[in-house]
Amino acid sequence: MSARDGSRGVAAPSALFWVTAAALSLLATAIFHLAPNVPFGIPFDERIKVAFVLSGTQNFQHPILMLDLARLANLLLGATDQESVARLGRALAACSGGLFVFATIALARRAMGDAGALGAGILTAIAPLTVLHAQLFKEDIFLAPWLMFGILALDRLIEKPGLRHAFIFGITAGLAASAKYVGAVLLPLALLPPLHAGSSLPRHYRLIGVAALTASLVFCLLNLPIFAAPEVFAGGLGSEMDHALTGHLIVLSAWDSRFVFTWTANLWPGLGAP
């Protein structure tokens with residue numbers, strides 16, 4: 001009789017499954033990195049982010065997890081010109097794309113068998129949206145894996161309530177929010193009444209409170225310059241909120257598009273859908 005993975009009724013994954021998942025994710029990373037590169041400066045704000053890495057500054061229109069990672073990696077590389085830093089940033093994006101594939105497999109494995117979960121990883125890796133963003137030094141691909149890990153951590157917290165799982169969920173939520181402000185959506189998502197909670201709702205919400213405090217601490221630690229220049233943070237956050245509600249290069253407000261423009265014009269076609 002095979003072991004079961006919690007209450008899902010799915011056989012627990014074997015060591016071979018995780019080795020295969022890791023190998024598939026590493027292969028995806030290599031392919032993302034070796035794929036024909038988008039010319040540097042497309043999109044235009046890539047140059048701005050590279051300049052931030054070199055100067056040690058930021059405008060906080062996005063949180064700075066991506067910049068932190070690039071600066072840390074550049075301590076070893078020692079790049080001083082924009083194109084070298086851009087190549088470094090894109091290599092990190094490819095790694096984050098591989099991590100996204102692994103996170104998708106891990107989440108899918110909660111609900112399906114080995115073949116189905118690995119298939120989900122392959123579909124994620126070949127989706128045009130993934131392939132494109134894994135070649136760009138932009139925040140989206142750095143956010144993606146932590147959203148997936150966050151949903152996985154929340155699922156485990158609901159299934160087996162406890163401080164350990166609350167801390168893990170808080171860490172993933174903090175990392176997601178530190179990659180892009182929208183990553184904070186994991187916390188209000190956790191407030192929805194769970195369908196299969198392993199404890200009472202009051203206890204669930206207390207644990208979510210612990211997770212929220214953990215996420216806040218992680219966010220603050222990864223965005224320490226907030227405290228040195230709170231006015232820059234407030235300005236950047238306000239600018240990003242305005243962009244979300246009123247449009248950016250495409251002037252179409254969220255209200256006019258019923259909040260689905262990004263899905264219909266970007267995400268759905270980017271998944272390879274007709």
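Me: Contact means heavy atoms within 4.5 Å; which residues of H1 meet which residues of H5?

Reply: This is a predicted model, in which local features need pLDDT of at least 70 and side-chain atom pairs count only at pLDDT 80 or more, while totals for chains, interfaces and linings use all residues. Residues are numbered from 1 along each chain as its sequence is written, and side-chain values use heavy atoms, with hydrogens and water left out. On the H1 side, Phe17, Thr20, Ala21, Leu24, Ala28 and Phe32 meet Asp114, Ala117, Leu118, Gly121, Ile122 and Ala125 of H5. The residues of this contact divide into nine nonpolar, two polar and one charged (nonpolar: Ala, Val, Leu, Ile, Met, Phe, Trp, Tyr, Cys and Pro; charged: Asp, Glu, Lys and Arg; polar: the others, Gly among them).

Me: What makes H1 roughly parallel to H5?

Reply: The axes of H1 and H5 (residues 114–126) come within 11 Å and cross at roughly 10°. Angles under 35 degrees count as roughly parallel, so H1 is roughly parallel to H5. The axes are lines fitted to C-alpha atoms over the stretch in contact, with angles from 0 to 180 degrees between N-to-C directions.

Me: How many aromatic pairs does a search of the whole structure find, and why is the pair of Phe17 and Trp18 called edge-to-face?

Reply: The search finds five aromatic pairs. Phe17 and Trp18 lie 4.9 Å apart, centre to centre, with 70° between the planes. Rings of Phe, Tyr and Trp (its six-membered ring) pair if their centres lie within 6.5 Å, and planes under 30 degrees apart count as stacked, over 60 as edge-to-face and the rest as tilted; the pair is therefore edge-to-face.

Me: Why is the pair of Trp18 and Phe102 called tilted?

Reply: The ring centres of Trp18 and Phe102 are 5.9 Å apart and the planes stand at 45°, so the pair is tilted. Trp18 belongs to H1 (residues 15–34) and Phe102 to H4 (residues 82–108), so the pair ties together parts that are 84 residues apart in sequence. Ring pairs link Phe17, Trp18 and Phe102 into a cluster.

Me: How do you know that Phe17 is buried, whereas Trp18 is partly exposed?

Reply: Buried means under 20% relative accessible area, exposed over 50% and partly exposed in between (1.4 Å probe, protein chains only). Phe17 has 2%, so it is buried; Trp18 has 32%, so it is partly exposed. Phe102, at 23%, is partly exposed.

Me: What makes Arg109 a charge over the ring of Phe17?

Reply: The charged end of Arg109 is 5.5 Å from the ring centre of Phe17. A charge sits over a ring if NZ of Lys or CZ of Arg is within 6 Å of the ring centre and within 35 degrees of the ring normal.

Me: Why do His165 and Val218 count as buried?

Reply: His165, in helix H8 (residues 163–179), has 14% relative accessibility and therefore counts as buried. Leaving aside neighbours within four places in sequence, His165 is in contact with Arg156, Leu157 and Lys160. Val218, in helix H10 (residues 201–222), has a relative accessible area of 15%, so it is buried.

Note on methods. Helices (H or I, at least four residues) and strands (E, at least two) are DSSP runs, numbered from the N terminus. Contact means heavy atoms within 4.5 Å. Angles under 35 degrees count as roughly parallel, over 145 as roughly antiparallel, 65 to 115 as roughly perpendicular and the rest as oblique.
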